[in-house]
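Please open the model in your viewer and keep the selection panel at hand.

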Protein chains: 2
Amino acid sequence: MRTTIIGLGLIGGSMAKDLRKSKIATELIGIDINEIHAKQAVEIGLVDRIESLENGIKNTDIVILAIPVDKELEILSTVLDQISENTTVIDLGSTKRVIIESVKNHPKRRNFIPAHPMSGTENSGPTAAQEDLFKGKIAILCDQEDSGPQHLALVEKMFQSLGMDIAYMTADEQDHSTAFVSHLPHAAAYALANAVQTKEDRNIIFDLASGGFRSTVRLAKSSSTMWHPIFQQNRDYVVESLNVYIKHLKHFRDCLKNEEDDKLKDLILNANKIRGILEGENPHFVKNEEKLVKLYTK
Amino acid sequence: MRTTIIGLGLIGGSMAKDLRKSKIATELIGIDINEIHAKQAVEIGLVDRIESLENGIKNTDIVILAIPVDKELEILSTVLDQISENTTVIDLGSTKRVIIESVKNHPKRRNFIPAHPMSGTENSGPTAAQEDLFKGKIAILCDQEDSGPQHLALVEKMFQSLGMDIAYMTADEQDHSTAFVSHLPHAAAYALANAVQTKEDRNIIFDLASGGFRSTVRLAKSSSTMWHPIFQQNRDYVVESLNVYIKHLKHFRDCLKNEEDDKLKDLILNANKIRGILEGENPHFVKNEEKLVKLYTK
């Protein structure tokens, strides 16, 4: 099918690679306001050609928005205005409530599937695109009853072709859960990078940076263009998750400071349980839509 | 040379592999109070044979302590009592002030080299041992003027054979720097794991756990046997680093909460600088002892 991708960075570019490989996309049209990225995307074969926004979304089967969530807000309504009756539109942003609210009364709301594939790296741009980025990961689809069943089926088929499992949630559930497992770790890494950089002799610190430090601080490399608007759009839940995290850090510090060493040991042992959970019986998703809806919808 | 390793876990076992490969160790004697680990270490060929503490440190060229820092405190003085005049003893613990203080008046203090190779993984036990774990990493040697030059030279040669660069620091500098680049990231990961586990529906959280979350929380798998005593022995500096981190997290949260979005963006952009520093002109070490001493000693 004819596939149009708006935003040819890490996410849009990686999706282009896999959609072409799986033959889901037979024709790939790219749109990007960054002319250098647009040129690179054609040169490395991510898309077949570049079009303007206006031309690229006409007469296409699916439009995929893979741009920062503030930019999505700016153009989503226009995109829905201009597509043909049968075109499916999905967005891949990390926040969902604000995006959905912005088009809730749009006459083509049912053409739109709000999605969030839980995958990425700390790199950006078309040259950061990689095959199999989404394989084995979860794609969240939100408020699916507000989308047309044909559009939903097409998007499900597309994510499955990328090797993804699908989770169905309300936009509110997705924003709350994602605050804890994705937005909080980013905020924690940004703050850690800033905390360590205040230390007097940066050369000593960074010569000593071991694998553990590099791993913990990796997300602090993530681009502000993408992450600043995510924090803004999910402000309340990210603040909530930061409050929980700060409470736990203070408790850890106080146990250490007050020599409550038994309590400190318990905190470490409880944290260790993350190993069993991360390496255990995941995913809990059952690959059956009805059961999933039951699991993840109140 | 005849090499005795006390503690056949991740660190001791990995060192055994590389010392044998580089032919620095021609005979490898293992000591471990955990009988299962001792048996495994012989079975997988990490060491040639197992000895009791008393027998294993007699008539050997070098004794390497690769055990949790509280266990080091318990036996280091006894080890120095029982070795022959020419044996070199090194410890590989992450904290240095308390260890050194415990043997400062020992008659064989000059046989002892307090060391800290900055490498590891979140796994433990002899089966976690891996080749080249130390390659390209930094080995810190502390208070080198209090060790005999022959012992120092032997240890330098040993770490260089593992592919490590050597940094010379006072015990105080090492404990302070290590608090920020190693102990703080561990504390941050433990607290993050605990914070996320308090969230109501753990299944949702962990199904959604993406690469970013896994990376940030990876260190929370690290064993309490090793880490609890590190926090205890470096209590003051870890509390200091936690205070700096909590201050930065609160500032991030407050900027977000109060919609000071320009400030929030600046925090992200400043954190992004970690990429340049981590991927830049490191290491700052010059491979010349004299210059290193200048760089890292006041």
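This is a predicted model: local features need pLDDT of at least 70, side-chain atom pairs count only at pLDDT 80 or more; totals for chains, interfaces and linings use all residues.

Residues are numbered from 1 along each chain as its sequence is written, and chains are lettered from A and ligands numbered from 1 in the order in which they are written.

**Stop 1: the interface between the chains**

Select both chains and display their contacts (two residues are in contact if their C-beta atoms, placed from the backbone, lie within 7 Å). Here 84 residues of chain A meet 85 residues of chain B. On the chain B side, colour helices H7 (171-197), H8 (202-208), H9 (211-217), H10 (224-233), H11 (235-257) and H12 (261-279), each of which gives two or more residues; helices are DSSP runs of H or I with at least four residues, numbered from the N terminus. H7(B) provides the largest share, 18 residues. By residue class, this side of chain B comprises 46 nonpolar, 24 polar and 15 charged residues. In this classification Ala, Val, Leu, Ile, Met, Phe, Trp, Tyr, Cys and Pro are nonpolar, Asp, Glu, Lys and Arg are charged, and the others, Gly among them, are polar.

**Stop 2**

The same surface serves both copies, since 99% of the contact residues of chain B recur in chain A.

**Stop 3: the domains of chain A**

Now select residues 2-170 of chain A as domain 1 and 175-279 as domain 2, bounds that come from an automatic or database domain assignment. Their centres, taken over C-alpha atoms, are separated by 30 Å. Eleven residues of domain 1 and 14 residues of domain 2 form the contact. On the domain 1 side, helices H4 (69-82) and H5 (97-101) of chain A each supply at least two residues.

**Stop 4: a helix pair in chain B**

Finally, select H11(B) and H12(B), whose axes come within 8 Å and cross at roughly 145°. These axes are lines fitted to C-alpha atoms over the stretch in contact, with angles running from 0 to 180 degrees between N-to-C directions. Show Phe252(B), Cys255(B) and Leu256(B) of H11(B) against Lys263(B), Leu264(B) and Leu267(B) of H12(B), which make the contact. Five of these residues are nonpolar, none is polar and one is charged.
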